[in-house]
Structure formats: structure tokens, C-alpha cells
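Have the viewer open as you read.

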Amino acid sequence: MALPKANRLRSRHDFRAVFREGVRFHGMYMTLRALRPCNQKSPSSDTSYTNEQEQTLQTVTPPRIGISISTKVSKKAVVRNRLKRQIASVLYELLPLLAPEWRLVVVVKPTAAQQECGSQQFLQELKQLLVKAEVINGHS
């Protein structure tokens, strides 16, 4: 299952921000880069905001996720796309557990293609990395 559009990192700017400012967590098959949400300050009482600006401050953005697989993992696009689909389906299952406003990038290591690992191994490792990054289990 593909990730919803609201939960995808799309622009180069977003990826660059996560790689530059985010923290890294390493696993056997993948590396997780996580960028904590920015704490926005609530508006002070002396400034006047329109209703539209107040709504944008109160809305919570969902976690946004990107998946990066280089040609070092496999020269074949079929293999890279299969790995990307497997990871996206695992992330889709974990989506309700993720804290809002996080930006995450999953970088797949070459060992993932060499080991022919399945969705259960991806699920287990992603859960471990997300707990370590304090993105799930009530951490924010």
C-alpha cells in the first residue's frame, strides 16, 4: 500500500533539511534520518490574527516520510522499486502510531537487497528504529 500524499516528503528542500539537520539511527538493513518537529510558539495576546492564520497555527501536520534507495543497493530498478514498495507498505501500517509533524527519511542499505529480506524483517527493524528515535510509543 502506498503512503498517502499528505504523508510523503516530496521536495528536494525537505530531503535536504532532514539530511542536514536530522539525527541518524542505524539498523542492519536501513538507516533512519529523523527531523524533530519545530515547536511553534502560540500567538501572544497583543497581536491580532485573522481566523485563517489561527487555523493554520492550530492544524497539526501529519508525519512526512521519504524513502531513499540508491543504485548501490541494486543496479536493477525492479529490485529497488520492490524494496521501496515493501518499506512503504510497512510504513503505512505504522502510520497511526507515528507522532505528528516529524519528517523522516528511510535510507536503504545494500544488505537489504543481498539478504532478500521480507516485510516482517522490515517491520521489526523500522519499529526498533522509530522507537529509538522516539517517534512512536507516545514520544514526541
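The buried residues of helix 3 pack against strand 3, strand 4, helix 4 (111-115) and helix 5. Contact here means heavy atoms within 4.5 Å, and buried means under 20% relative accessible area with a 1.4 Å probe, protein chains only. Helices (H or I, at least four residues) and strands (E, at least two) are DSSP runs, numbered from the N terminus.

A word on the source: this is a predicted model, in which local features need pLDDT of at least 70 and side-chain atom pairs count only at pLDDT 80 or more, while totals for chains, interfaces and linings use all residues. Residues are numbered from 1 along each chain as its sequence is written, and side-chain values use heavy atoms, leaving out hydrogens and water.

Back to helix 3, residues 77-94: its 18 residues reach 26 Å from first C-alpha to last, close to the 26 Å expected (1.5 Å times one less than the number of residues). Among its buried residues are Val-79, Leu-83, Ile-87 and Leu-94.

Four strands form an open sheet in the order 1-2-4-3, with mixed pairing; two strands pair if DSSP finds at least two bridges between them. At the edges lie strand 1 (23-26) and strand 3 (64-68), each pairing on one side only. Strand 2 (residues 30-35) and strand 4 (residues 103-108) pair in the antiparallel sense over six bridges, and Met-30 stands opposite Val-108 in strand 4.

Helix 5 (residues 119-132) also packs on this sheet, touching strand 1, strand 2 and strand 4. The direction of helix 5 makes about 35° with that of strand 2, where axes are lines fitted to C-alpha atoms, for helices over the stretch in contact, and angles run from 0 to 180 degrees between N-to-C directions.

How values were computed:
Buried means under 20% relative accessible area, exposed over 50%, partly exposed in between (1.4 Å probe, protein chains only).
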